[in-house]
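Biologist: Please take a close look at one surface patch for me. Then go on to the strands and one loop.

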Amino acid sequence: MDPPVTDLTDSQAEARRASVGYNEVPEVRPSPLRRLARKFVGAIPALLEAALLLELVLERWVDASVIAALLVFNAGLSFVQESRTQHTLNLLRERLPVSARVRRGGTWRKIPARELVPGDLVELRMGDQVPADLRLVGGSGVRIDQSMLTGESEAVDRSAGADVYAGTTVTRGEATGTVTAIGASTRFGRTAEIVRKAEAPGRLERLVLGIVRYLVYYDLLLLGAVTAYGYLTGIPWPTLLPFALILLIVSIPVALPATFTLANAVGASDLAGQGVLVTGLSAVEEAATMTTLFTDKTGTLTQNRLTLKRAEPGPGESEATLLAYAASVADAATLDAIDAAILQEAQRRKIDPYPTRARVPFTPQTKRSEATIDRHGQTVRVVLGSPLTLAPLCGRDPAEAAAEAEQRGRGGERVLAVAAGAAAPLAWIGWLILADPPRPTSAAVVRRLQELGIRVVMVTGDTRATAEAVAGALGIGTQVVDRTEFLGNPRQGEVLAGVYPEDKYAVVRALQGAGEVVGMTGDGVNDAAAIRQADVGIAVDSATDVAKSAARLVLTEPGIDGIVPAVEAGRRVYRRLLTYTLVKLTKVVEIATLLAIGLLVTGEFVTTPQLILFLVFANDFVTMSLADDDAEPSPEPNRWDVRMLVGVAATLGAAWLALSFGIFYAAGPLLKLSLGSTQTLIFVDQVYLVQATVLLLRTPGSIWRRRPGRWVGLSTIGVVGAASVLALAGVAMAPVTPEALGVLAGAVVALMALLDRTKGWLMVRLSGPAPRPPVPIRAVHRP
């Protein structure tokens, strides 16, 4: 029954919107100039600025110009990538709008919440975020979670006449209300947003920053040795101090924030075209590490297009009576698949429901819906729901009801029961057996995820028999456990049956405690906690606003097809970032050691501070191109292995270091170069070695196995070519001979070929213990 209030017409709504505006709070953003200025503030820019100031004081204009260019380049690049990222998130926000069900001109419809105006009549259901300030005018009443706005841990009940506020969440019940305030005029001054801008760094970025912190300690040790040497040998402070400062700059990952942001933004943009929206950029790389995926059954693996396969009346009842009772509880307005299947079958058989006085909607907590009806002048309570839930209401043994339900659902059907009566105990009216066929693509998606090394676990509230039948048909497996069994050993089982939505949070926590990286799909308000807790929280296309707000990935197409490209894209991003990380760590180990030890052993600067700055510039330019490289995804879940990272960086760094010292010592006696030309040759040597390191580490196999991405190739050719031409021409550096460059290039290529043949063996040897394989263990049944 519609509420006794008048709704608005479309023309009235348009007129009010012209007067009060849209239902949104304009986001206050700093001006582009201020955002750009912030890029010059922080620990990394401060080092460059200190070096710039020092060079200006010493009147070294060329060095100062190079440092200034490096500072502006990195600040500008970070600014551009931040703007691109913000643009990406804005597009995601537009594709994930908060919607509202509103009645206009006598017709209920769904519209974007931003189009609401005061006076609109809005319907609220479980799982909705309240789209504006409302005064309730009808319905069964709702329970409201206000914790997002008030900090109250307990939900509050609200019924007709009460106010509810924008940004709160409906956790139970249904109601209608009239909009009293919108946008900035709401009590809390804002509407609910789905996509949050704040973005924490991903695991790999945190790991790299932690390693870099120790590398800085190593550099400080080298600096101490260099400073002491300079003091004892009388190197002038105006010469030594800029060298020491630049030595420290070499160790700082100046381009790290921009590189990680760009790589994740590229991955997010690619996924948006494949039915996956990324609400947190670091989720792209996190998907690469996922080892276990929990997935719902109904509506996710299955089509959620239920049909009533058969109705089995109880003793003394008829099919017509059973369907009439069930149709009386079903509510067409909810668009629920079960209700729709019951009503469709009743209409097909031309069975009319009994007049309904009141309804109590289904909730995951009660696992039932009910209605109060008028049957031949008698008030009757009718309950529709899980047989296990209805059994106590009818004085039946729940274990017996569960056994009968399992028997009826052995083919994977969903089994419900109907009970009715004027007083307790209710009479068992009969059984409803509904079929929900799997999606055509579900089995293939499950198989592909398993090929990618991901353990797929189906989570359902159905009985063991139903769950086992569906999971077996999809290739997930048939080892069924319940919540208690799983929590006792989280690595067991392929199917979790009889699970309530609120149990999913504990299930995720248990598996994370066992060292797994967990993905969780969900759609309801009660799934939100588990989705947020999961390492990779995934909301399916039919999810509520609350579930989507908790997720890091939102699927826009039915089913779980989008998870496969998300995993593959994540692993490509991981490979790009891993390459960047290894290149950065290798060059820090090699360059810092070369500069410091070179001075201590030879008494000479192996290359000049000015050329070091050119080198930092060239390195950042090349490594940034890795963010869009044509990377090869791993066939199994990635993991962050500190031992492998440090070991590979140290080994390659030592190999390059030996080559560089060999070139330095051979340049004079064999190549007949002066000290200045030798310093230039070491600069070119370092440029070549950066390109060699990128080509070596961008793929786990041979460097010829996969062509570099376009930008990697172009940047490599450009940087190598520019460094070679400048060295030959003697621009801003002492010139070198073509013969010297030829010898250098040959030595680099030869060593790169040798390392290319041994890098795979090296990575395996340096890797830590392999994680336990995600293979389910046979269930242990407890008494």
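Modeller: Two helices, helix 6 (203-233) and helix 7 (237-250), each supply at least two residues of the nonpolar patch. Helices here are DSSP runs of H or I with at least four residues, strands are E runs of at least two, and both are numbered from the N terminus. This is a predicted model, in which local features need pLDDT of at least 70, side-chain atom pairs count only at pLDDT 80 or more, and totals for chains, interfaces and linings use all residues. Residues are numbered from 1 along each chain as its sequence is written, and side-chain values use heavy atoms, with hydrogens and water left out.

The patch consists of Tyr231, Leu232, Trp237 and Leu241. Together they have about 520 Å² of accessible area. Such areas come from the Shrake-Rupley method with a 1.4 Å probe, and for residues only the protein chains shown count as cover. Patch residues have over 30% relative accessible area and no salt bridge; nonpolar side chains (Val, Leu, Ile, Met, Phe, Trp, Tyr) are joined within 5 Å, like charges within 9 Å. A salt bridge is a side-chain nitrogen of Lys or Arg within 4 Å of a carboxyl oxygen of Asp or Glu.

Leu232 lies in helix 6. Is Leu232 buried or exposed? Leu232 counts as exposed because its relative accessible area is 70%. The cut-offs are under 20% for buried, over 50% for exposed, and partly exposed in between (1.4 Å probe, protein chains only).

Now strand 3 (residues 121-124). Both of its faces are covered. Leu121 and Glu123 are buried on one side, Val122 and Leu124 on the other. Strand 3 pairs antiparallel with strand 1 (residues 99-104) over three bridges. Pairing takes at least two DSSP bridges between two strands. Four bridges join strand 3 to strand 7 (residues 169-181), again antiparallel. Leu121 stands opposite Arg103 and also opposite Thr178 in strand 7.

Val459 has Leu496 as its bridge partner in strand 18.

Last, the loop between strand 9 (292-296) and strand 10 (307-313) holds Gln303. Gln303 is partly exposed because its relative accessibility is 22%. Leaving out residues up to four places away in sequence, Gln303 touches Asp436, Pro437, Pro438, Arg439 and Pro440. Contact means heavy atoms within 4.5 Å. Gln303 and Pro440 are 137 residues apart along the chain, yet their C-alpha atoms are separated by 8.6 Å.
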